[in-house]
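I am opening a notebook page on a structure that is new to me, and I want to set down what I looked up in the order in which I looked.

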Amino acid sequence: MDEINRKWIRERLTGGRGEQARMSSVTGISTDKLAKILNGTRRVQADEAPKLFKYFQAQGVQFEEDRRRSLLDIWSQLRPEEQDFLIRSAKGLLSQSPGAHPPEE
């Protein structure tokens, strides 16, 4: 498992407005402590690491659900020929990815 430290947290922050306040509210870690961790003047404490892990794990699930809903919303607005174009484009992107499996027909 990765060490939960300043770098680990920064890699997962989206930069969204109010994100640190939300993190503080959900984890119970004060905004002052979070700011010090992010500035490198304080280390993540042993009891804080699981809270931060759970916070980002939950955020990831929510983020994926939001993206899926957004994609389905866009999909429903497309005409059938636009949907076909999107499918072909996605298959083309997948075939260009290193180590990707060829798309199934």
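Before listing any core, I note that a nonpolar core here means a set of buried Ala, Val, Leu, Ile, Met, Phe, Trp, Tyr and Cys residues joined through side-chain atoms within 4.5 Å. I also keep in mind that this is a predicted model.

Entry on the core. I looked up the largest nonpolar core and found that it has 14 residues, and that Ile4, Ile9, Leu13, Met23, Val44, Leu52 and Phe56 are those with the most contacts inside it. At least two residues of this core come from each of helix H1 (6-12), helix H3 (31-39) and helix H4 (49-77), and H4 gives the largest share, four residues. In soluble globular proteins, nonpolar side chains tend to be buried together.

Entry on one residue. Which residues does Leu52 touch, if I leave out those up to four places away in sequence? I found that Leu52 touches Ile4, Trp8, Ile9, Met23, Thr27, Ile29, Leu34 and Val44.

Entry on the whole protein. I looked up the secondary structure, which comes to five helices and zero strands, so the order of elements from the N terminus on reads α-α-α-α-α. Of the 105 residues, 18% count as buried, and the accessible surface comes to about 8,200 Å², with 53% of that belonging to carbon and sulfur atoms. Among contacts between residues at least 6 apart in sequence, 49% join residues at least 24 apart.

Entry on a pocket. I then turned to the second largest pocket, which holds about 180 Å³ of space. Twelve residues line this pocket, and Glu3, Ile4, Asn5, Arg43 and Val44 lie nearest its centre. I sorted the lining by residue type and recorded four nonpolar, three polar and five charged residues. Ile4 and Val44 are named here and also among the residues with the most contacts inside the core.

Terms used. Residues numbered from 1 in each chain as written. Predicted model: local features only at pLDDT ≥ 70, side-chain atom pairs only at ≥ 80, totals over all residues. Heavy atoms only, no water. 1 Å grid on protein atoms, 1.4 Å probe; cavity = no way out; pocket = protein on both sides within 12 Å on 5 of 7 lines; lining within 4 Å. Points joined across faces, edges and corners; volume = space filled by probe spheres on them. Nonpolar A, V, L, I, M, F, W, Y, C, P; charged D, E, K, R; others polar. Buried < 20%, exposed > 50% of the residue type's maximum accessible area, 1.4 Å probe, protein only. Contact = heavy atoms within 4.5 Å. Areas by Shrake-Rupley, 256 points an atom, 1.4 Å probe, with all protein chains shown as cover.
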